[in-house]
Amino acid sequence: MNIAELLSDYTARNVALGSSLLGVTSGVLGCFAVLRRQGLLGDVLAHAALPGICLAYLLTNSKSSLVLLLGAAIAGWLAALALLQIVQQARLSEDSALGIVLSTFFAAGITLLTFLTKRGDAQGAGLDRFLFGQAAALIEEDVFVIAVLAAIAIGATALFYKEFKLLTFDALFARSIGLPTQALSVLLTSLVVVAIVIGLQTVGVVLMAAMLIGPAVAARQWTDRLGVMVALAALFGAAAGLAGALISLSAENIPTGPVTILSLTLIVLFSLLLAPARGLVWRRLNRSGG
Amino acid sequence: MNALDIHDLTVSYRDKVALQDVDLAIPAGKLAAIIGPNGAGKSTLLKAALGLVPTVAGSVLVHGQPYAKQRHLVGYVPQRSSVDWDFPTTVLDVVLMGTYRRLGWIRRPGKAERARALACLDQVGMADHADRQIGQLSGGQQQRVFLARALAQDASVYFLDEPMAGVDAVTEQTILSVLQDLARQGRTIICVHHDLDSAPQYFDWVVLLNMRVIASGPLATTFTADNLRKTYGGSMRAAIAHFQHFEEELEQAKR
């Protein structure tokens with residue numbers, strides 16, 4: 001299929017819409033996650049979603065995206081809670097806690113997934129698309145769910161932009177003027193969970209964290225303003241999402257997630273090397289030029 | 001009335017006591033320094049007064065009322081090292097954060113807030129840097145931006161955490177004259193200060209702290225060799241040598 005055919009095709013329209021919405025949402029929320037140095041948290045939450053998806057299917061026997069994504073969100077939430085408890089109660093360092101929670105939840109997820117896909121019912125077999133994402137499987141209902149979730153996540157970020165910005169830059173000062181920093185932090189993390197959940201169908205749990213980190217890192221290279229950074233990250237995320245979805249759609253047997261992340265990597269590399277002021281090439285040139 | 005009243009304040013981090021039974025009263029309009037060795041709990045005292053760290057016991061009153069009711073009267077300058085200066089934002093944006101409490105939820109700063117923030121930047125001699133990214137500033141300039149943000153809060157009691165640590169001479173003089181102006185207007189300055197040499201020139205009230213309050217009162221009767229010895233343990237000379245060493249380390253760390 002060529003691009004024109006793709007865009008007139010029903011599946012392709014769904015896929016294009018869904019994957020660009022995913023990119024916009026993870027780009028926006030990813031900026032805050034990266035600036036708060038919580039990129040790895042995103043990785044844990046994404047991996048933790050897998051057992052949630054499997055359990056939701058096991059309990060309801062439904063493959064409606066709303067049900068599965070709800071399961072994913074709840075599991076992500078539980079993982080975040082477990083993380084907090086481990087850091088506070090067991091006095092482990094944060095990176096150890098992240099490692100433990102990620103591997104435990106993901107191990108549980110893989111166990112459930114293997115059980116569901118091998119027990120021989122055709123329905124369960126499709127669940128493994130959540131590992132690396134399969135944009136071609138998106139139907140109109142999925143896109144609708146994605147659109148609603150994206151609207152919630154981006155709307156809330158726009159509404160509390162000023163508060164999120166202060167929280168991210170200077171939490172101490174934020175608390176001193178009476179902002180409920182704990183609650184805001186929970187809200188922001190919950191929105192990151194929403195962004196992750198949106199990406200599960202197209203990018204998959206394994207690579208989802210890159211969709212949070214990549215657009216933000218690339219956007220940061222081009223600007224020194226948070227507002228511009230958020231807008232650029234949304235754009236980069238959408239471009240990568242769209243590219244990944246269309247490439248995987250135009251060839252057989254190419255999983256969407258990895259192609260999306262490879263497209264994103266190109267944007268990140270280009271930005272890291274060539275962005276004015278911060279880009280490596282310009283910094284080299286400036287140094288040698290005196 | 002006292003600007004700050006602290007009663008029986010105890011703070012501990014996990015099992016380690018950081019502050020014990022702190023009693024403190026600072027009258028309004030004073031330029032007060034909190035002085036003590038490393039690990040004496042100076043920053044912790046500020047943070048506890050501002051409700052930023054959990055307290056085990058004790059009460060904090062600002063102008064006679066609990067702090068939670070008096071936030072509108074308080075301005076705060078955290079330690080410069082407590083934030084990431086590579087954050088994508090401009091000097092003016094940071095100063096505007098001083099207007100956020102009055103703006104309340106969701107509302108964005110407008111023209112009036114911008115004008116106010118620019119005026120505060122002007123007070124610290126940074127108005128022509130308003131559009132710079134904060135990472136491009138020197139340490140002293142960053143400190144002045146933090147002070148400007150506190151000025152934008154238009155507070156009557158200011159808490160400052162080591163505003164003069166590791167800054168250039170111009171910045172130190174600018175900060176001092178701004179603080180003196182504030183005190184002249186009847187506002188209260190409570191400032192963690194690390195330099196024993198300059199303390200008697202800059203401040204008119206001192207709090208000597210080493211997990212407990214060793215002494216607190218007007219400079220002349222409180223900043224005595226005897227009290228300093230009690231605060232720092234060994235001899236004065238050792239204490240001063242210790243601080244010089246500390247400053248050198250700080251300088252080296254910056255390079």
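Is A:Phe160 buried or exposed, going by its relative accessible area? In this predicted model, A:Phe160 comes out as buried, at 19%, where buried means under 20% relative accessible area, exposed means over 50%, and partly exposed covers what is in between (1.4 Å probe, protein chains only). A:Phe164 is buried too, with a relative accessibility of 0%.

A quick word on the ground rules: the model is predicted, so local features need pLDDT of at least 70 and side-chain atom pairs count only at pLDDT 80 or more, while totals for chains, interfaces and linings use all residues. Residues are numbered from 1 along each chain as its sequence is written, chains are lettered from A and ligands numbered from 1 in the order in which they are written, and side-chain values use heavy atoms, with hydrogens and water left out.

Back to the rings. Rings of Phe, Tyr and Trp (its six-membered ring) pair if their centres lie within 6.5 Å; planes under 30 degrees apart are stacked, over 60 edge-to-face, and the rest tilted. That rule gives eight aromatic pairs over all chains. The ring centres of A:Phe160 and A:Phe164 are 6.1 Å apart with planes at 55°, so this pair is tilted. Both belong to a cluster linked by ring pairs, together with A:Phe32 and B:Trp105.

Charges turn up over rings as well, meaning that NZ of Lys or CZ of Arg is within 6 Å of the ring centre and within 35 degrees of the ring normal. The charged end of A:Lys162 sits over the ring of B:Tyr100, 5.4 Å from its centre. B:Arg149 places its charged end over the ring of A:Phe173, at 3.6 Å from the ring centre.

Two strands pair if DSSP finds at least two bridges between them. Strand 9 of chain B pairs with strand 3 (residues 31-35) of chain B in the parallel sense over four bridges, and runs antiparallel to strand 10 (residues 212-218) of chain B, with six bridges joining them. B:Trp205 stands opposite B:Ala32 and has B:Pro218 as its bridge partner in strand 10 of chain B. One residue lies between strands 9 and 10 of chain B in their hairpin, where B:Met211 takes a positive phi near 65°.

How values were computed. Helix = DSSP H or I, 4+ residues; strand = E, 2+ residues; numbered from the N terminus.
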